[in-house]
Amino acid sequence: MRLRPLLLLALSCLRLSAVDWHHPLYLGRGGYWQQRVPVTIHNGAETEVAGKAVAVVVGSKPGQAPLVGARVEALRVVNEAGTEMLFAVVSAEGDALTKGPVPAGAMLHIPAECAGKGSSLYYVYFGNPAAWGVPDFLK
């Protein structure tokens, strides 16, 4: 899938952030998410974007989400206000992944909500061994 220049995705690999961690997250079962990755989505268009899926490549290169090996069941995507978002994890072959470890080359799809010529911040939480998988994913 080719993304239009409408959205330019910038993945910030900074592990520390001035924003407090969101807690509790859905189906955490009393556990805590030990890691999170901030994802900033920039909208270069004049018009607002609401729900357009943006794909983030999973891997260890700059601009990729360092989620290799994280359990899909323990992933959560949260916007800056703390609202949990539906998401999808798709393998490099195009198969939907709903459980097990996230492989390198997979894509994390996030429904972007972003004002025209603006930016939106999301957090991808992972690393909670007590978490159950979410019952629904982004289609």
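Student: Before we start, what counts as a contact here?
Tutor: A contact means heavy atoms within 4.5 Å. Among contacts in the chain between residues at least 6 apart in sequence, 78% join residues at least 24 apart.

Student: Thanks! And what sort of model is this?
Tutor: This is a predicted model, where local features need pLDDT of at least 70 and side-chain atom pairs count only at pLDDT 80 or more, while totals for chains, interfaces and linings use all residues. Residues are numbered from 1 along each chain as its sequence is written, and side-chain values use heavy atoms, with hydrogens and water left out.

Student: How many helices and strands does the chain have?
Tutor: Zero helices and nine strands. Both are DSSP runs numbered from the N terminus: helices are H or I with at least four residues, strands are E with at least two.

Student: What share of the residues is buried?
Tutor: Of the 139 residues, 43% are buried. Buried means under 20% relative accessible area, exposed over 50%, and partly exposed in between, with a 1.4 Å probe and protein chains only.

Student: Let's look at E4. Which strands does E4 pair with?
Tutor: E4 pairs with E9 in the antiparallel sense over four bridges, and two bridges join E4 to E5, also antiparallel. Two strands pair if DSSP finds at least two bridges between them. Arg 76 has Tyr 125 as its bridge partner in E9, and Val 78 stands opposite Glu 84 in E5.

Student: Which way do the side chains of E4 point?
Tutor: Arg 76 and Val 78 point one way, Val 77 and Asn 79 the other, and all are buried. In a regular strand the side chains alternate between the two faces of the sheet.

Student: New topic: how many aromatic pairs are there?
Tutor: A search of the whole structure finds two. Phe 87 and Phe 137 are edge-to-face, at 5.5 Å centre to centre with 85° between the planes. Phe 87 is in the loop between E5 and E6, and Phe 137 is in the segment after E9, 50 residues apart. The rings of Tyr 123 and Tyr 125 have centres 6.4 Å apart and planes at 50°, so that pair is tilted.

Student: What are the cut-offs for those labels?
Tutor: Rings of Phe, Tyr and Trp (its six-membered ring) pair if their centres lie within 6.5 Å; planes under 30 degrees apart count as stacked, over 60 as edge-to-face and the rest as tilted.
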